[in-house]
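Subject: Structure handover

Hello,

Please find the structure below, with its sequence. My notes on it come after.

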Amino acid sequence: MFSKIYKFEVKSWLKTPITYIYSGIMFLFALILMASAGGIFDSFTVTTTSPTYQNTASAINDILGGINVFLYFLLPSIVGASISKDFKYEMHQVLYSYPISKASYLFAKFLSALSIVLIIILFICLGIYLGSVFPGTNPDLFTDFNIWNYLQPLLLFVIPNMIFFGAVVFAVVTFSRNIFIGFISILVLIIIQGFAQTLTADIDNKTLAALIDPLGAQALAFETEYWTVFDRNTSYLPFEGYIVYNRILWAAISILIFAFVFFKFKFNQQAIQLRLFKRKAERVIKRNFGSLIRVKLPEASKAYHFKHWLKIAFKHSRFEARYIFKNWVFISFASVTILITLITLAVRTPIYGTSTHPVTREMVDNASSLVSGFMIIITFLIVGMLMNRAKSANMNQLVDVTPFPNWSFLLAKFIAVFKMQASFYILALILAVGVQIYNDYYTFELELYVFRFFAIDYLRVLSWTVMAFLFHSLIKNHIVGFVSLLAFLILLSFFPQFGIEQSIFRYGSGGGSTYSDMAGYGPGLKVFYIYRIYWFALAIVLYLLAILFYRRGVSYSAKQRIERFKNNLSPLFASIIAMSLVIFLGIGSWIYYNDNVLNERYSGKEREQLQVDFEKQYAYLEQLEQPRITSVKIYLDLFPETRDLKAKGVFILKNKTSVPIDSVVISLSDDKDYKEIYAFDKKGETVLKDSLYDFDIFKFDKSLNPGEEVKFTFDMENKPNTLLNSRSPVRTNGTFINNQIFPSFGYRSEYEIQNNKTREKYGLAPKERMKSPLDSTALGNTYISDDADWIDFETTISTSKNQIAIAPGYLQKEWEDGDRKYFHYKMDKKILNFYAFNSAEYEVFEDKWKDVDIQVFYHKPHDYNIERMVNSAKKSLAYYSENFSPYQFNQLRILEFPLTSGTFAQSFANTVPYSEAIGFIAKVDDEDNESVDYPFSVTAHEVAHQWWAHQVIGANVRGATLLSESMSEYSSLKVLEKEYGAKQMRSFLKDALDKYLRSRRFESQKELPLMFNENQQYIHYNKGSLVLYAMSDYLGEEKMNSILSSYIDRVAFQEPPYTTSVEFVNLLKENTPDSLQYLVKDMFETITLYDNKVNKATYKVLENGKYEVTFQANVLKYRSTEKGEKEYKDARGESLVLETEKEELTSLPLKDYIEVGVFGETDESIDGIQKENVLYLNKHLISDIANEFTIVVDELPVEAGIDPYNKLIDTNSGDNRMEVKVEE
Amino acid sequence: MNTLRLQNVSKTYKNGVKALDDVSIEINSGMFGLLGPNGAGKSTLMRTISTLQQPDSGEIHLDDIDILNQKMELRKVLGYLPQSFGVYPKLSAEKLLHYFAELKGLSNKAERKKIVDYALEITNLYDVRTKHVAGYSGGMKQRFGIAQLLLNDPKLIIVDEPTAGLDPAERHRFLNVLREIGTNHIVILSTHIVDDVKELCTDMAILNGGKLLCHKKPIDAVLDLEDKIWGHTIDRDDLEKYETNFKLISTNYNQDNSLNIRVYGDVQPGEEFIKVQPDLSDVYFVHLKADETEAINSQS
């Protein structure tokens, strides 16, 4: 019986066109996705490059995962339909009376539908495969075909997930007999998956997320989070740890669900219903008698005019809204949105475990993207349900023959949808304000919420609401309509990849600006509204089309619908459509004209070509010796009201070479933004003027002799700002600009294409990202500037009267002239050619450390952490000047700048611009040991840069940032440690370790050892802080600092050739005892990782009352290649091998000192802060993989560990400690 | 006096079924019965007149309203009850009727209430007006259908197989309501139950296979068959013999398993036959029989 039903079902599926439509669409989708990842669109857009292959097991799993989200949504119409069609066509009444067994019926139904799903998946795989070999793709992006790379994702994830999702849909549809509810259950599962993903933001939740993600994606992410590029390219998906648990868990749930269906299913005619309340039963008798003699309808006036229908639209919108709000699609969606929004708002954006104050800007930002995202999805759904409401109640024939006009009917629905959307925003607002109140924060700024939600976010959602109306008007089946809308949304996001980059061609996009408490929305807001008007005009057209195509009545052929459309098209509608189209096209052409004709616009592809041409044409200029800037005077006028700037500069250039220089390459600002003139006080002429690449070559009549100086002056001002284009970076409040807008000298090699694969494509020779520190010709420039060494600096800035303008240097004079305010700054020492200008309405906080003035310039409401910053600045100045060298300035200023410029802090000479989003609004919890006081640590880091960058600056070669960023990280850690003790150190370092290991897989070219890093953040910040902290731990803090101090002594303020990491590491080596030399090699010169682990730990009580702890631990060490491949052999080709029963362990030969610790019960110490009770902590010399330690301690041991503080780089830091048990 | 005119209306479905085949008819005020077997094209015709469906060709006019091109104008004066319909769940009859009244353009609130109450009254739903319509029995739902159709005081009322599934009392009541309305308006009632037409229609037509077979007043149609229907009681084993030799139009069993047969013939077909009083069923079957024979002949 089973096989009969199964075969019949499969056959009938194979006869329906939907099987082929689904297969075809999914096939095409997969093909395009894969071919696009393989660079098929390279001829339209920028070259696709990737260090990882696109057809490895994990890459294919990713693609399948993405595509399958659609397939999940199709499941209801396959798995669900297989059972529901029997109900729908009333077959069940006949079928259920046949002698078929429940098992064969259910299994045959389920498995046949699943077989069809598998066929579709096969088509997807075929699409992926063909995409990977498609003519025109770049074969470098693919590895050899391997069937396992397909089978593994299928067997581990895709098929089990289909079975699970299928079982849920099958169960839900079997009982509810409603495909749509099956569809909703899929949505809920997808949301759970999304929820699992948001959980992973906190490191501690990753394992929970790995379990509860029904798709298993988070489990995979967890197990492979520290994969390197090499691992990605060579490994199969792991089947271990949480992946196994996750798969077993969800397989078990699938079986339970199916078993539930199996036992509950009965061949009866009533759908199983869940009743919350029992209704009282009542006997009902119909009146069978009585008749009617006369029908005389009372008079009733009728109105068919616009006003009546408008009134009705509003009235019925209430009726439709009630339907939405009572519908549990809405209720479930809204609850999930509330939950996720609440969690997000409560957590906000923690940095190092420290959250922010719930300032309204932060609340709005967090709520906005979340709610709008959910809202577009639910709008797609709800519009479909509303448009088909009468139809699904089978009332459409009654409604359709009434004389209401389509527009009134749709308007009612549109208003109802708006009410739903508004309710989401109001809900978000209430939640946000609730969170603010909960946090004792009472500056609500309601207007900020309302403006963002309704005047910005809603306008974006509006475009999609209208699109939803059109789709659902055209497409009969509202699930098909929904999926089509989703597909359209996703397709749009691929447009830039197809080479369609301009916003006017990408529906609903364009314009946008981040909000800053300091700078507001900025000029981007105007642009946003221009785009909104543009899309709104189109929205009107689309909405009218939705009205005109609205289906009334039954069975329309395409031809009849067009005829109907023509009939409906009244002159009024036609003229509105025409007018809107005129506006739409008008604004569109204006924007197009502005962006493409008035201003030259380059596509990504064209920009790439420009870079290539530039290099091919001008690379010879790199050899040209250039004079160097020795003195800078800037006169800068900022006009915040009109966002304009005027600048005048005087540079002294000096020929520091030993040969005469006859021409200078002058890089200028983009001529579309600035008017700029310049002059030398030495005769000569401009011999080349390249307005495409914005640079000139000026040739002196008489060469500039060695040692000779020349004065270079320039005048510049921005061209007028227009509605669509801002020409200057000046803001109404919170301007932050640096010297990059001024002319610079020499060939700009940083403009060349960096990626070697792209270079190869254009026939350019391979190029290193940075030069080697051993290349003595490369040491002439610092990594900050390539046209100057140390300069004299002086500036006069003017701004509007209510603002303060700041630049490096000391304030000489401050005066007012009319409504302008002037500031004259001058530096008394030479500084790097690296300076910035800030101007805003500032509050000023002043303090002093010794004779150093400390000032914080901040936005008035952001006064939360000023004292922490100042405290940090004092402690930092004290520590650094005591341990490294004296502070070179007598002033230190911290300036807040708008987050519009970014979320970072940056150190200029005696000046530290600091983003409003980092530190100023942090909410530090001093009670919580796990959270770092980052306003303190970031300030310490930036102050450290006054030494590590502004005293010691490395040459522009590999490893330069070891000398600035890593050193500053180390320095700030020491200050942090002094202030907060070792425990905060651990959470800081744990985070650094996690970030370093996680980022390795995203390396775009190659991972390098710390001392050769190419400005790679995960290396110089994260690994750098770990390494230097560990180094100081091994050498002793004092020793370490004395090395640093003598290094500063040697190289501070030096002229070229500049120092390199090699020089520093050599100094380090000289001062490191022989036994620890290996550390320098491991940590600085190579990429070395450990795999340390405690296997067993026991204790016994000794006769003297002490405790003897015995524990076994493995120590494994290996090196990693630049792609992440593990190597266990040392230079002599030797390695350690340990054969155990289970596996063979390999390690580099060991002679390492590794910390071994035993810990007792945690003390409740003063301040309520938990302090670890260290019973034993010492470094042991380890020379074998397997080690046993026997340690006698005084108190009851609780935990034992090897490298218990994770000072070494270890991919699994969780198994370094183990609970100590009593010996049996 | 209103007149509905159909001229050469044809409709062929995608699957090749010719649902309406060159239908032309003129219908005046009063009850009009559209008789036909299942699948004859009745519903298609009704939907077409009700603006729900577009014919492939032809024209339909109600007085001076060109229905196919002035749908809205027709909808203002149309009352339509489809063969089967549902309603929004969890809504009472009263609320739904108000909803419909608004959709039909009834603009004055007080008047709207009056007419809704009246419609509830005459359909005998007033007592259950606050109950959810979705929970009504078949008969109550049909009456609700009538109530909603009356709200705009329609000139043209179209009811599609309204009596199917109603018990005798409900059916009776229902037809009475229709009859009352039908005095001043055009009421088109489609049915496959001859008695429905017999009881209350002033005019009728028979539709089969998309074609109009007969358009006459029921009385005239019956009159036409005067002296042409012959009855006889036979043994069931003889049925085949009679079927081949006579124009058999209907049979029905007696309790003793003998069969009453009715035969059409201009003259007495045989001695054993006696002349019987023709009725509307005979009209119906005579026309279907003739059409069937013709169709078979034209095929062969």
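This is a predicted model: local features need pLDDT of at least 70, side-chain atom pairs count only at pLDDT 80 or more; totals for chains, interfaces and linings use all residues.

Residues are numbered from 1 along each chain as its sequence is written, and chains are lettered from A and ligands numbered from 1 in the order in which they are written.

Domains. Chain A is assigned domain 1 (2-264), domain 2 (306-598), domain 3 (625-746 + 785-948) and domain 4 (1087-1224); the bounds come from an automatic or database domain assignment. Over C-alpha atoms, the centres of domain 1 and domain 4 of chain A are 42 Å apart. Five residues from domain 1 of chain A and six residues from domain 4 of chain A make up their contact, where two residues are in contact if their C-beta atoms, placed from the backbone, lie within 7 Å.

Chain contact. Chain B gives 45 residues to the contact and chain A gives 35 residues. On the side of chain B that touches chain A, at least two residues each come from elements including α2 (71-76), α4 (109-122) and α5 (138-150) of chain B. Helices (H or I, at least four residues) and strands (E, at least two) are DSSP runs, numbered from the N terminus. That side of chain B has 20 nonpolar, 14 polar and 11 charged residues; Ala, Val, Leu, Ile, Met, Phe, Trp, Tyr, Cys and Pro count as nonpolar, Asp, Glu, Lys and Arg as charged, and the others, Gly among them, as polar.

Cores. A nonpolar core is a set of buried Ala, Val, Leu, Ile, Met, Phe, Trp, Tyr and Cys residues joined through C-beta atoms within 7 Å. Buried means 20 or more other C-beta atoms within 10 Å of a residue's own, exposed 12 or fewer, and partly exposed in between, with C-beta atoms placed from the backbone. The largest nonpolar core has 242 residues, and those with the most contacts inside it include Met26(A), Ala432(A) and Phe32(B). α17(A) supplies the largest share of this core, 17 residues. A second, separate core has 142 residues, among them Tyr934(A) and Tyr1090(A).

Helix α12(A). The 21 residues of α12 (residues 306-326) of chain A should span 30 Å at 1.5 Å a residue, and the end C-alpha atoms are 30 Å apart, which agrees; the expected span is 1.5 Å times one less than the number of residues. Its buried residues include Trp309(A), His316(A) and Glu320(A). Among the elements covering the buried residues of α12(A) are α13 (328-347) of chain A and α3 (93-103) of chain B.

Sheet. Chain B has an open sheet of four strands in the order β2-β1-β4-β5, with antiparallel pairing; two strands pair if DSSP finds at least two bridges between them. Five bridges join β1 (residues 3-12) to β4 (residues 57-62) of chain B, and Gln7(B) stands opposite Glu59(B) in β4(B).

Backbone. Most residues other than glycine have a negative phi, and most peptide bonds are trans. The bond from Pro1056(A) to Pro1057(A) is cis, with omega near -5°. Ala949(A) has a positive phi, near 150°, and is buried, with 26 other C-beta atoms within 10 Å. Glu161(B) has a positive phi of about 45° and counts as buried, with 21 C-beta neighbours inside 10 Å.

Regards
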